[in-house]
Amino acid sequence: MTEPQPVLHLAAGTYRGGGGRGLQSVALFADGRLVPGAAFDQAPNSAFSIYSERHDLHYVVDEDATGRVGVLRHGAQGWVRLASLEIGGAAPCHIALDRTETRLAVANYASGSMSLVRLDPQTGLPAGAVQVRANAGSGPDPRRQEAPHAHWVGFSPDGRRLYQTDLGTDEVLCFAIDEDGAVGVPRTAYAAPPGSGPRHLLLHPHLPRRAYLANELANTLTVLECADDGTLAAVATLSTLPPGWQGESILAHIALNAAGDRLYVSNRGHDSVAVFALDRDGMPTLLDYAPTNGASPRFFLLLEDHQLMVVAHEKAQTVTTLAIDADGRLGSTGTSLPIPGVGYVLRV
């Protein structure tokens with residue numbers, strides 16, 4: 001009898017401190033099974049990555065004291081590392097490409113800095129010196145906001161601006177980028193409420209004046225209006241937790257579906273994904289709180305072509321899948337795969 005072939009290949013990014021072995025291959029089968037494969041140990045502490053279609057390359061951060069970005073390619077024989085670059089910051093946790101895929105930005109959590117790397121347009125490999133811009137300041141939470149903590153970076157659609165969230169200083173920063181790719185001095189695009197801890201910003205792909213800010217410490221979603229000068233103004237703020245819930249929880253990942261009418265936010269502690277419907281103006285209405293069937297859902301990956309969400313749980317050290325219903329709500333599939341040190345999942 002012929003063995004069934006996987007319908008999809010994934011990889012789980014893992015941390016050494018949790019027993020991870022790098023990028024752990026995971027195969028998804030038609031019956032919903034998740035089956036582990038070989039681990040690629042040349043991508044340690046792989047907390048986040050970004051894929052370049054132009055170059056067929058994956059750029060993967062190594063969230064270590066000496067922050068690095070690995071340039072990887074995945075083929076029939078598995079992973080190959082083509083380059084590894086020190087990016088001048090500590091504990092990089094997020095990475096982004098500009099629209100032309102010739103600039104790479106990295107958020108360095110521990111050093112509270114942003115790194116900008118130019119990529120060779122022919123090869124996609126790093127070229128030239130790394131530009132580093134460090135923030136200063138703190139917030140009212142003495143445990144989590146004793147210093148700047150960059151947590152997300154992203155380019156404006158035209159590539160002329162670079163945004164960065166700072167969980168430690170309760171800010172969204174905006175950097176101007178000139179025609180030569182030099183990054184300017186940052187300005188505060190949005191001052192978040194003290195102690196809210198902005199973690200991730202999401203720019204709506206179809207509504208250029210709409211953005212969303214996921215506030216980790218406050219467990220809130222802030223709807224933002226984008227001005228022509230790059231500043232952001234709060235329009236509304238919603239909790240990502242059920243009314244009256246008293247447990248400890250912090251917010252983690254945020255993502256939109258391809259149509260741009262469903263928004264998802266994960267809660268670590270409540271261990272759920274809050275599902276929001278977006279109207280034509282991008283304003284959210286809560287639909288549901290979906291259990292993720294694991295402790296501390298740090299990241300989730302939308303696989304809309306398979307009607308699935310794949311969730312990485314940092315405390316449970318498991319990966320689970322949730323079914324995406326026609327209305328965008330989520331339901332349990334009963335699938336769970338143990339992966340030591342898991343914190344992230346990517347499609348390969």
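Reader: Which residue in strand 28 is the bridge partner of Ala-12?
Author: Some ground rules: this is a predicted model, so local features need pLDDT of at least 70 and side-chain atom pairs pLDDT 80 or more, while totals for chains, interfaces and linings use all residues. Residues are numbered from 1 along each chain as its sequence is written, and side-chain values use heavy atoms, without hydrogens and water. Strand 1 covers residues 8-14 and runs antiparallel to strand 28, strands being DSSP runs of E, at least two residues long, numbered from the N terminus. Across from Ala-12, the partner in strand 28 is Val-345.

Reader: Over how many bridges do strand 1 and strand 28 pair?
Author: Pairing here needs at least two DSSP bridges between two strands. Strand 1 and strand 28 pair in the antiparallel sense, and the number of bridges is five.

Reader: Which are the edge strands of the open sheet?
Author: Start with the order, which is 3-2-1-28 in an open sheet of four strands with antiparallel pairing. An edge strand here pairs on one side only, and that picks out strand 3 (34-40) and strand 28.

Reader: Moving to strand 8, is Ala-96 buried or exposed?
Author: Ala-96 sits in strand 8. The labels go by relative accessible area with a 1.4 Å probe on protein chains only: under 20% is buried, over 50% exposed, and in between partly exposed. Ala-96 comes out at 9%, so Ala-96 is buried.

Reader: Which residues does Ala-96 touch, not counting those up to four places away in sequence?
Author: Touching means heavy atoms within 4.5 Å. With sequence neighbours up to four places away set aside, Ala-96 has contacts with Arg-103, Leu-104, Ala-105, Val-153, Gly-154 and Phe-155.

Reader: And what separates the C-alpha atoms of Ala-96 and Tyr-51?
Author: Along the chain, Ala-96 and Tyr-51 are 45 residues apart.

Reader: Now the backbone: where is Asp-271 found?
Author: Asp-271 has a phi near 55 degrees, which is positive although the residue isn't glycine. Its relative accessibility is 21%, so Asp-271 counts as partly exposed. As for its place, look in the loop between strand 21 (262-268) and strand 22 (272-278).

Reader: What is the relative accessible area of Gln-317?
Author: Gln-317 is another non-glycine residue with a positive phi, near 55 degrees. You'll find Gln-317 in the loop between strand 25 (308-313) and strand 26 (318-324). Gln-317 is partly exposed because its relative accessible area is 28%.
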